[in-house]
Amino acid sequence: MEIMDSASEVKIDRTFFDHLESFDIYQILKCDKHIYSVLPLLTRCCLCSSSDISQQQEEKKQKLMKTLLNYDDVNFLIESLSTDFNQLSIDCISQLSLRSKKAQFGENVFGMDETLTHFESYSVVKKFRVVVTEVKWLMLHRPNKAESFHSKHGSQDNSCLSVAPILQLPLFRQSVTDLLCIALHELPFLLPMCEVVDALLYVDNSLDMIMKVLINSPWSVTEVCCHLIKSDDEIQADYVRQTRVTVIKHICHLSPSIATLAAKTCVAANKLPHLLAWIYLNQDGEETTVAKLAEFVFTHRRVAKSLLLSKTTGEESPLLAQCRRTIDRELDYLITTGVSHENANSLSTLIRLCCTLREMVVYKFSDAELEKIFRLFPFLPLNTEKATQLMILALCLTIASIHQMAPYSAQLSSWLRSLSRNTTLFTQSSDTSMGQFLLLIAIYYHGNQLTTISDMVAAHLNIKPSAVKLSNTILKQIITYEVFTEQVISQLTVLLSVTKDLNGNMKGYLPIHCVCQLLKSRAFSKHNVSIAEWITSQLKQVSLPLHPMVPQMVSLYIASTIPQQHNVRSANPQLDEQTIREHFQLSQDEHFISQLVFLYYVLCHQDAVHSEPVVPASKKRPMMSYSNSLISSIPVKRLVSKAYEYRHQCGSLYPSLVKLLYTNIPQMCRADMWLPDKSIHRRPNPLVRQFQKLINNEELSKLDPIHKQYIQLRLVAESLSENTLPVLMESLRLVHASSKEQIPRHMTMVLAETWLAYSRIAPERLYPETVNVLRGYSQSLNEDQLIIDPLLVLQCLHECKNPDILTIVLHLVGVYSRASNRYYNIHCQNRGSTALTESQEICYSLLSAQESATLQIMLEHCLPDIQRGESILCDQREIQTLICSDVHKLIINNPYQAKLISFQGYDRRLIPIAIAGIPSMHICLDYVPELLAQPDINKQVFAVRLVASLCQQYGVHKTFTMARLSINTLHTLVGVLPTRSVIADILPVLPDVITICQNMPVLYDDWIKLLAKILPVVAACRGEAEIDKQKSKVLTLGVNG
């Protein structure tokens, strides 16, 4: 820690150097034994003028001058400082130029005989000239090869590579150094500090000279130290490199901060690795500890590895030998004092160090070291986080060095068995517990996943997995057969504490990893260990960003609830429905992500139930599906919408959730439900502000119920919340119970817009309650009933003559039709394999019947037609437009429905309405020949009327063909039907034939032929009518007579 000063035989310590750096005059002057070393610096500071002219500064100068007068060398320094340094610089440059010319002709450039003889008698200026010239010459011509440059070893032919004797003789060393210190201050451009020190390395025994120069320029020490490290070169002579390292070590002794900077410079410049090791291990002169050694090895792995591998002849490297001694000494200390919570960190560091050395140089424990380690293991502390980390590291060390542990297998087995019996290890609530790590290791050994074990051990020891060479016999035998059987693992895993606030930022191995591994092997169900409660607790303790193992754990648990065919009892129970229901009643803001995970679980479970393979009922324990009431009580839409906002933090959960939503809750997957709502209340309405003032006013009670409800509706429409639903239902009841003239149209428009907007937020309760309100029956329907029979929703059309309310009803019809399709498809899939085809046919027929009935009822609601003279902007026309638009969508989705309703038939008054309002009805042209070929006269007449309306709408060739076919069919029917049937069925169709001919004039010839055939039939029918009339008269007369 201290440096000898050759002139005064005193030591320069760190405290004095700190005073120099801060230039505290009073503290410097207190150190009498060090003042002689810094006389050049103090003398110059005393004589030079300062910008600080305060009284305190003057007092410091006076005190400094008074102290300096006690030293004889001060007179020489004062005389030196009076030199004209500008002229001195010019003289030195001239001298160097002349010397360079001499060197070109091979002459002796020094001529030192006279200088050495008369140097003492030279004036100060001449001494200065000699010193500055020689130092500058050495700077310009110092050797740069690994050749000897000393005068006693150097080549006499190349004189410019020699060092001037004046710089090497001890006789003049003191005065030369003092002059050089002053010159460095006064001539910084001629003599840069870093280059001067670098040149002085080539001078014999220059350490004292360099250190004195640096002490007298304390502000340059850091810069010089870094420069010396960066300028090191392997091609330099050994003596120069040795001197360089010695100087740097002395500088590092002066200040810890400089030592730290020197270490960083060594790393950045990739030079002087031995110096870097010395800074970390020996610079304070104290004994090397495990902490110091570990800091160096962990921080500078590459440098440490090169030093550890640098062996001398027949021996291991000095650093490795030092590591062995330090490790052995630390083990002895821990055995003597015992492992406690205070020195647990020391043992942890030792274990990490040993494993890192093993990775670098294949470090092997000696028998004595192994014995000491196993003497420590049974006494490791258990109950703190540091102790947990220590035990994990101890187990990792055992695994990594298992090939050396064979003689100690009995001790190892005893230690592991004692750990397995300590249940407190498994109930710890820390993120990483010893019990959890033990279980993971045991699980992976059971699965023979040695690579995963290597990765875990390497991650804890901070080494490469390749450095962990596992044995597949010793430790596996102990763990899998003696200590941790599969049943023991299953029972201990349930004891693990759930991870609080489990999120994706948590690294390493957690209890969830243990559970997932055991779920894969179905260990819980195999040994009748219930894990459902643990799963439920962990799902409640999740947070954003979502941990990637959470969706995997949910999927694995659901897979484990599916019974295996060969063992129907080997299945875990599903999570309790009531527990799930209660969790969804909590605040969504605080428990959003956990509720989202439970929703994912419920949908995954439902999907697994529906996808369960079909097996005979005798060999099957069916999975129980969650009730629709549970799903309807979950705010699905709100959770999924919020999940979209945090989709980047939800990982793979969001896309999986959307897929499950489409397959399990199709009524939630209408495209308009997921589009942003841009229809209402994007700008503040000044009228609403007046309503807000009126709501608490007594005048509100004077208003009639309709206006009062309208005000409440406008208020809740501005900001949709949980209070919106009661107001919506009350408004629907009021509108449904009131006549059309009583309710203003604007109120129904706001009601419909608000209802549709709320359906995008929370449709689960809105849909069934709306149906019950609009039906008007006392008996309420639940979600299950509406899904099973969606035709119940059409009861809402009864007396529904408001277009805005009709929009709501049509929305509900589409929602429950989609849900019903999904329900019956799932019901069909769950049938046995023998009845699967038959079930599919029945399901298809049922769904087709439901859809066609829906279309029929919706079309019938288009009646009555608009009367002549009535405005085309009336409510009935709007109702017809809405229904026709919805029917068009249904036909586009399933074109077969157009044929089905055509064969079923509908009111003749609806034909022109449907043809004009439903663009897709043109496909009915394809079905006209089949309708005309039916034996039922009513279907044939319906076909002719349908063609007449199609001719008005579509004047294409195909229409012409169907029109001619229709007239020809009528021509045929007139010839084969009885007269009364012609009069009753054919004559009413003739106006439609006229319509066809008006749109297709080419068919007038066919029309004339039809008339020519009908007229005799009509005449005959009239004659028969007259004869019957005469007969009736005769009979009447006979009776009267």
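Helices (H or I, at least four residues) and strands (E, at least two) are DSSP runs, numbered from the N terminus. The structure described here in those terms is a predicted model, in which local features need pLDDT of at least 70 and side-chain atom pairs count only at pLDDT 80 or more, while totals for chains, interfaces and linings use all residues. Residues are numbered from 1 along each chain as its sequence is written, and side-chain values use heavy atoms, with hydrogens and water left out.

The protein contains 55 helices and two strands. Of its 1041 residues, 50% count as buried; buried means under 20% relative accessible area, exposed over 50%, and partly exposed in between (1.4 Å probe, protein chains only). The accessible surface comes to about 49,900 Å², and 52% of this surface belongs to carbon and sulfur atoms. Such areas come from the Shrake-Rupley method with a 1.4 Å probe, and for residues only the protein chains shown count as cover. Contact means heavy atoms within 4.5 Å. Among contacts between residues at least 6 apart in sequence, 72% join residues at least 24 apart.

The interior may be approached through its nonpolar cores, each a set of buried Ala, Val, Leu, Ile, Met, Phe, Trp, Tyr and Cys residues joined through side-chain atoms within 4.5 Å. The largest nonpolar core has 213 residues, of which F296 and L416 touch the most other members. Helix α33 (residues 592–610) gives the most to this core, with 12 residues. Leaving aside neighbours within four places in sequence, L416 is in contact with L395, L438, L475, I478, I479 and V483.

T133 has its place in helix α9 (residues 124–141), and T133 counts as buried because its relative accessibility is 2%. Beyond its neighbours within four places in sequence, T133 is in contact with C92, Q95, L96 and R99. In helix α48 (residues 896–904), the buried residues include Q897, A898, L900, I901, S902 and F903. After α48 comes G905, whose phi is positive, near 80 degrees.

Attention now turns to open space. Rolling a probe the size of a water molecule over the atoms shows where empty space is left. On a 1 Å grid over the protein atoms alone, a pocket is an open set of points where a 1.4 Å probe fits, with protein on both sides within 12 Å along at least five of seven lines; lining residues have an atom within 4 Å of a point. The largest pocket holds about 1,200 Å³ of space, where grid points are joined across faces, edges and corners and a volume is the space filled by probe spheres set on the points. It is lined by 35 residues, and G814, S817, R818, L890 and N893 are the closest to its centre. Helices α37 (653–664), α38 (671–674), α45 (803–829), α46 (836–860) and α47 (875–893) each supply at least two residues of this lining. The largest share, 12 residues, comes from α45.

The loops hold several features of the backbone. Most residues other than glycine have a negative phi, and most peptide bonds are trans. The peptide bond from L544 to P545 is cis, with omega near -5 degrees, and P545 is found in the loop between α30 (532–540) and α31 (549–560). N448, although not a glycine, has a positive phi of about 60 degrees. This residue lies in the loop between α24 and α25 (450–461) and is partly exposed, with a relative accessible area of 42%. D501 is another residue other than glycine with a positive phi, near 50 degrees. D501 belongs to the loop between α27 (486–493) and α28 (511–520) and counts as partly exposed at 47% relative accessibility.

N422, in the loop between α23 (409–421) and α24 (434–446), counts as buried at 18% relative accessibility. E799, in the loop between α44 (783–788) and α45, counts as exposed at 64% relative accessibility. E799 and H736 are 63 residues apart in sequence, and their C-alpha atoms are 8.8 Å apart in space.
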